[in-house]
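This report describes selected features of a predicted model. The sequence and structure are shown below.

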Amino acid sequence: MSSDFSNLRLDFPVLDQHVGGRPLVYLDNAATTHKPRAVIDALARFYERDNSNVHRGLHALSMRATDGYEAARARTAKFLHAADPAEIVFTSGTTASINLVAQGWARANLRPGDVVICTEMEHHSNMVPWQIVCEQTGATLRYIPVTGDDAEGGLDLAAYEEMLNDSVKVVAFTHISNTLGTINPATEICAKAKAAGAITVVDGAQSAGHENVDVQAMGCDFYAFSGHKMAAPTGIGVLYGRRELLDSMDPWQGGGGMINIVNYEGSEWKPSPERFEAGTPNVADAIGLHAAMDYLDQVSRPAIGKHESTLAAQAYDALSQLPGIRLLGPRAGQPRAGLVSFAFADVHAHDVVTFADQDGVALRGGHHCNQPLMKKLGLPSTTRASFYLYNTEEDVAALVASMQRILKFFGA
Ligand code: 7TS
């Protein structure tokens, strides 16, 4: 286990470049993270030696590809402390995983009068699928409010408790907010939902690669995440589902690989997880995900979370000194994940991001797929700096210097 973060940058080839004549300072990790050499090598090895379709051939390459794909599933179960690899469904990402629950479980189980609860801080990926399925079934969608003028109070858990009753069938919430940096009390939220008889769907897009996740200790029914936000390739994601629930669900998509028997009259499904993986799966990227999990655990996920939270807290403190700045999410000294979201009174986030790019600092500006929350907070957009294991205190200093230059330029 290594907790020396100063050299980890060297493991990421893409970071070895200049932007705007300066060494790249990549602070857009909540959108996507970079890939270490170990992951790039695992992908290249697969395509150079083992490339084949899975579960279909009895030839050597197909067997190797199948073994690699299933080993990735077993590794993912271990990564999440799931009881059984059959509880791991590979998808294309968090969005696909949540849609699978909405269309696979909720569409079949919701009735008019039922209630789905999500929160005001959800990414559109954990909001729109519930809007769609509520429209389809006649169920009602309610939101746990976010408190504080700058959303500094997080979720209103007292309001959540008041919302819970027999009609609530699903509670879907993000573990870590991609817009605020808030860390939600997932175990507590799941326990309360379970006591009310609702299933829980946790959006783990911003948590899976940043802290130890134990789905059994958390007590969730479903947990979704994307590989690309945790050092793995794009195009691969995971849905963890409790076996009993997955086995109760009909497939969402039909095709090859998910059936036991097909007749002209009808078909019989395989059990989970194959039931939910119609068509040729993303074998190479599952193998890349496996390599990413090994890499992250070699560094140590709790240490990664601590490192990036420390950098975010430093950024929060330094940025709060700047004139006309409004910082969102937890206040200084409160627990915060590895990102900071802020807005200047007189400079639009798109200008901030464009100017920062000239300094080699990559940021995200916009609504972060959280339009309703932005509207509630009275902001068109924010600028967001999000950290990962390869970022350093020097990156925080570069961010702050760039923001100072921009404010000066705009005479703010
Ligand atoms: N949920 C959360 C909390 C997210 O942050 C994101 C992506 C998603 C779901 C969707 O993940 P996908 O891999 O299926 O697209 N968040 C962001 C972001 O903050 N900036 O770009 C993408």
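## The largest cavity

The lining of the largest cavity is made up of 5 nonpolar, 5 polar and 1 charged residues. These residues are Asn 29, Ala 30, Ile 176, Gln 206, His 210, Glu 308, Ala 337, Gly 338, Leu 339, Ser 386 and Phe 387. The space within the largest cavity amounts to about 90 Å³, and a search of the whole structure returns 1 cavity of 30 Å³ or more.

Because domain 1 (5-30 + 301-410) and domain 2 (41-297) both contribute residues to the lining, the largest cavity lies between them.

E16 runs antiparallel to strand E15 (residues 325-327), to which 3 bridges join it; Leu 327 has Phe 342 of E16 as its bridge partner. E16 also pairs with strand E19 (residues 382-386) in the antiparallel sense, over 4 bridges. Here Ser 341 has Arg 384 of E19 as its bridge partner.

## Helix H9

Helix H9 (residues 283-299) comprises 17 residues and spans 25 Å from its first C-alpha to its last, close to the expected 24 Å. Of its 17 residues, 13 are buried, so H9 is largely enclosed by the rest of the structure. Just after H9, Ser 300 adopts a positive phi of about 105°.

How values were computed: Residues numbered from 1 in each chain as written. Predicted model: local features only at pLDDT ≥ 70, side-chain atom pairs only at ≥ 80, totals over all residues. Heavy atoms only, no water. Helix = DSSP H or I, 4+ residues; strand = E, 2+ residues; numbered from the N terminus. Expected span 1.5 Å × (residues − 1). Buried < 20%, exposed > 50% of the residue type's maximum accessible area, 1.4 Å probe, protein only. 1 Å grid on protein atoms, 1.4 Å probe; cavity = no way out; pocket = protein on both sides within 12 Å on 5 of 7 lines; lining within 4 Å. Points joined across faces, edges and corners; volume = space filled by probe spheres on them. Nonpolar A, V, L, I, M, F, W, Y, C, P; charged D, E, K, R; others polar. Domains from an automatic or database assignment. Pairing = 2+ DSSP bridges.
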